[in-house]
Amino acid sequence: MLRRILSLIKKEFWAIWKDPKSRAIIIMPPILQLIIFAQAATMEVRNIDMAVLDRSNTVQSRNLVQEFKHSKWFKNVYLVENENQVAQAIRTRKAQLALTINTDFATKLMKNQPTSVQVILDGRQTNVAGITNGYAATVISQYENEYFPKKFKSVPRINPVIRNWYNPNVFFLWYTVVSLIAILATTISLILTSLSIARERELGTFDQLIVSPLSSFEILVGKTVPPMVIALVLVSIMSLVIIIFYKVPFQGSIGLFYLSLFVYLLSMVGIGLFISSICRTQQQAILGAFTFQMPAILLSGYISPVEDMPRVFQLISCFDPVRFFLVIIKGVYLKNMPAPYVFENLIPLALIAILTLSAAGWMFKRNLD
């Protein structure tokens with residue numbers, strides 16, 4: 001069985017290389033797209049969740065918190081009790097911003113003295129961090145205008161001290177290029193896999209594959225391995241490009257990164273094989289792949305946070321493998337995400353992979369019968 005599978009894998013590599021459509025996908029486009037899209041993507045932010053650590057617990061501090069609650073930009077404001085809960089809220093993405101108010105906040109205001117509040121932002125999503133920083137400064141300025149008469153407000157009395165976690169200088173490029181690894185891996189694995197069976201049908205070799213001594217399982221393995229190997233190699237090259245040339249730090253575990261990538265590619269290969277098994281031509285397969293790819297990327301949280309979407313689309317995104325892999329890759333790259341939090345996203349990703357591969361196997365076996 002192993003010899004038969006290896007022969008089919010070798011044949012698939014050769015078919016991919018000889019096919020102009022497949023060869024065009026795997027050579028230069030991924031690197032060119034990484035360079036172009038890294039400079040061209042833009043995003044919008046709304047419905048921000050925030051955490052508040054109010055050590056002052058006075059009328060003045062509560063009024064400031066109310067300013068954030070009544071702002072059109074902030075959706076939910078969570079009160080926390082200590083710094084560990086602040087870190088937990090940012091780490092788990094329950095909040096995109098955290099506000100810490102010191103114990104002497106009200107005392108200094110009543111003495112007409114400048115005071116400070118700390119604003120902590122999640123730098124993993126740089127556009128969210130930058131825009132949220134501006135929103136927070138606006139809310140604090142509005143509070144100053146209400147609290148201090150204009151004749152006493154020659155300078156800002158509340159100084160927000162900004163801290164961006166995981167991306168201290170809020171380099172937008174860090175967020176973009178890391179996310180593009182997931183998106184380009186999706187494109188490569190999905191297109192190559194969706195073309196595999198459709199190419200056999202279009203070239204008239206599918207009947208030969210059916211009457212060969214290969215079982216349906218062996219054919220699926222042979223069709224799965226080459227796209228995954230190619231995607232793994234290209235992702236490794238792209239990772240080296242963004243680390244060496246874009247200076248993006250890799251903070252996490254290489255083992256967790258490749259484990260997550262392997263499971264993610266399994267889910268993409270399953271989807272690609274399912275699309276390929278129901279298509280008759282390569283053109284149909286390409287259209288089917290893009291029909292899945294665009295909604296998957298839009299629902300993943302790359303363009304806008306999942307939390308900003310309507311509830312029904314948030315539920316649909318739970319079946320989107322791109323969503324979970326984006327969380328993992330940004331967490332592993334930028335913040336050294338601990339293994340338990342990686343597996344929180346890896347487990348649903350593995351379930352999606354099992355589901356998609358089972359569906360692809362069932363459809364393929366049905367076609368053989």
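I started at Gln-314, which sits in helix α13 (residues 311–317). Helices here are DSSP runs of H or I with at least four residues, strands are E runs of at least two, and both are numbered from the N terminus. Ground rules for myself: residues are numbered from 1 along each chain as its sequence is written, and side-chain values use heavy atoms, with hydrogens and water left out. This is a predicted model, where local features need pLDDT of at least 70, side-chain atom pairs count only at pLDDT 80 or more, and totals for chains, interfaces and linings use all residues.

Is Gln-314 buried or exposed? I get 18% relative accessibility, so Gln-314 counts as buried. The cut-offs are under 20% relative accessible area for buried, over 50% for exposed and partly exposed in between, with a 1.4 Å probe and protein chains only. Skipping residues up to four places away in sequence, I find Gln-314 touching Val-306, Glu-307, Met-309 and Arg-323 (contact means heavy atoms within 4.5 Å).

Next, the helix pair. The axes of α11 (residues 254–278) and α14 (residues 321–335) come within 10 Å and cross at roughly 165°. Axes are lines fitted to C-alpha atoms, for helices over the stretch in contact, with angles from 0 to 180 degrees between N-to-C directions. That makes α11 roughly antiparallel to α14; under 35 degrees counts as roughly parallel, over 145 as roughly antiparallel, 65 to 115 as roughly perpendicular and the rest as oblique. On the α11 side I noted Phe-257, Tyr-264 and Met-268 among the contact residues, and on α14 Phe-325, Ile-329 and Tyr-333 are among them. Sorted by class, the contact has 12 nonpolar, 2 polar and no charged residues. Ala, Val, Leu, Ile, Met, Phe, Trp, Tyr, Cys and Pro count as nonpolar, Asp, Glu, Lys and Arg as charged, and the others, Gly among them, as polar.

Still in α11, I checked Gly-272. Gly-272 counts as buried because its relative accessibility is 0%. What does Gly-272 contact beyond its neighbours within four places in sequence? I found Leu-190, Thr-193 and Ser-194. Ala-289 is 17 residues from Gly-272 in sequence, with 6.9 Å between the C-alphas.

Last stop, strand β3 (residues 97–101): 5 of its 5 residues are buried. One side carries Leu-97, Leu-99 and Ile-101, the other Ala-98 and Thr-100. β3 runs parallel to β1 (residues 48–54), joined by 5 bridges, and Leu-97 is the bridge partner of Met-50. β3 runs antiparallel to β4 (residues 115–122), also with 5 bridges, and there Ala-98 stands opposite Ile-120. Strands pair if DSSP finds at least two bridges between them.
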